[in-house]
Amino acid sequence: MQRTRSDPRLRSAALLLCAAVSLNAQRPATVKALVGGTLIDGFGGPPIRNSVILIEGERIKDVGQAGTLAVPAGAEVISTDGMSVLPGLWDMHVHLMINGHADYAHWDKTYPALFEPVIMPASAKQLLLAGVTSARDLGAPLEASLAVRDRINAGKIPGATVYVSGPFIQHEPYPGTELFRWGVSGVDDARAKVRKLADAGVDVIKLIDQDQMAMDEVRAVVDEAHARGLPVVAHSHRPEEIRRGLAAGVDNFEHTGLSSAPEYPEDVIQAIRERTASMARGPLFWTPTIEGLLNYEYLRDNPEALDNTSWHEGLTPEIIADIRQSIAHPGRLPYFQLTPARRPTLARKFHQLREAGVVMLVGTDSGIPMKFHSQSTWQELDAWVNILGVDPMTTIRAATYWPSVAMKADRDVGTVTPGKYADIIAVKGDVLRHIALLQRVDIVVKRGTRYR
Ligand SMILES: [Zn+2]
């Protein structure tokens with residue numbers, strides 16, 4: 001049957017639709033209810049069966065159980081029956097400006113103009129769809145970092161909430177990387193560079209190669225950042241980077257060392273123990289970014305995951321083709337040639353750090369060669385549980401609660417608690433028994449909006 005424009009039924013339907021739309025616009029934010037799943041709230045206690053989570057607007061209104069917490073009439077009910085429900089994940093070490101391409105020199109020459117409009121938004125969206133509702137971006141051009149972060153926060157583009165460092169602070173930028181690496185020469189310059197970043201509005205300062213800087217420059221960077229309320233994240237590739245970082249008061253170290261040295265020297269572990277014993281300065285955080293190293297040889301020999309199109313999201317066909325050709329021979333990438341020699345040392349280093357009392361955080365370095373934003377984070381959790389023997393609850397807290405504390409955002413995110421932003425994910429099955437289920441999340445809610 002054909003309808004004409006003057007069909008009265010059609011006209012009244014259209015009127016009803018208009019009325020409904022305007023009603024919606026006037027009504028206060030609708031309530032969503034996530035009902036039925038087992039809630040792991042991020043605090044580490046026993047999971048809550050048959051959970052009910054009420055979301056009003058961007059925030060969690062109430063958390064309870066079926067039978068005791070009523071779902072208000074008119075709420076949008078989303079069933080989480082049969083699922084694990086948990087705070088949205090954090091990835092504490094990502095690189096939005098790269099997407100797995102193997103040749104950095106080529107990338108840094110070819111794509112800077114596309115960082116802000118295409119590449120960084122694509123990375124942030126890929127993270128979000130993977131259940132990562134918050135990510136710390138450690139090293140990118142300043143203006144692009146701030147613009148992408150702010151567009152996401154304003155709801156203009158979909159993406160994980162990002163906390164940005166802007167450019168790396170280091171002794172000297174490597175040739176061709178001046179856009180996102182700032183060198184410092186002298187104490188005054190160190191302070192001025194940090195002040196410039198703080199004034200622009202970054203969330204964290206990223207310090208690297210501090211073993212090549214004068215000690216008073218390192219102190220100036222950390223002191224100036226702390227005076228502005230910004231945490232300092234520093235590389236720990238070499239023992240002297242750790243010694244200097246600790247002496248200057250760095251809050252969070254990254255990585256487990258580029259070398260194949262079998263373990264951390266005793267004096268370094270001793271210095272870490274002294275730092276972790278000093279309660280006044282809060283926990284010493286460490287982001288080992290370990291899965292890419294542990295999984296490299298497996299991926300080299302079983303590269304099917306590289307064909308998963310989840311990492312194409314948001315990228316142009318030309319960029320995708322360029323990345324694909326660069327990783328066509330996973331075994332030939334210079335980046336990973338020493339990795340097989342490093343792999344056997346990783347568990348020892350990881351456990352040395354844990355035994356010295358650091359609080360470990362989940363982060364991946366995603367964006368580096370073959371490591372995609374859509375696939376990295378769950379693999380870090382999986383590696384901790386299934387290769388390094390960390391219990392699943394501790395691992396989940398290292399990707400939820402503790403990152404929010406490290407970024408001073410725990411009033412707003414990190415657990416499923418009334419009053420916080422509704423950053424919540426759900427996945428079919430029991431993640432405390434099978435952590436790898438996190439590779440395929442069923443529900444992603446960020447600030448009350450459902451993205452998956
Ligand atoms: Zn990194």
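Are His-93 and His-95 buried or exposed? His-93 is buried, and His-95 is too, where buried stands for under 20% relative accessible area, exposed for over 50% and partly exposed for what falls in between (1.4 Å probe, protein chains only). The model is a predicted one, with pLDDT of at least 70 needed for local features and 80 or more for side-chain atom pairs, while totals for chains, interfaces and linings use all residues. Numbering starts from 1 along each chain as its sequence is written, and side-chain values rest on heavy atoms, with hydrogens and water left out.

Both histidines turn up again at the zinc ion: the protein donors there are His-93 (NE2), His-95 (NE2) and Asp-365 (OD), lying 1.9 Å from the ion. Donors here are N, O and S atoms within 2.8 Å of the metal (3.2 Å for Na, K and Ca), and since water is not among the atoms, sites may look incomplete. Along the chain, the zinc donors follow the spacing H-x1-H-x269-D.

Then there is Thr-415, sitting in the loop between helix H15 (401-406) and strand S17 (424-428); helices (H or I, at least four residues) and strands (E, at least two) are DSSP runs, numbered from the N terminus. Thr-415 is buried, with a relative accessible area of 2%. Its side chain makes a polar contact of 2.5 Å with that of Thr-417 and another of 2.7 Å with that of Lys-420. Such a contact is a pair of N or O atoms within 3.5 Å; within protein, one must be able to donate a hydrogen and the other to accept it, and residues adjacent in sequence count only if both atoms are side-chain atoms.
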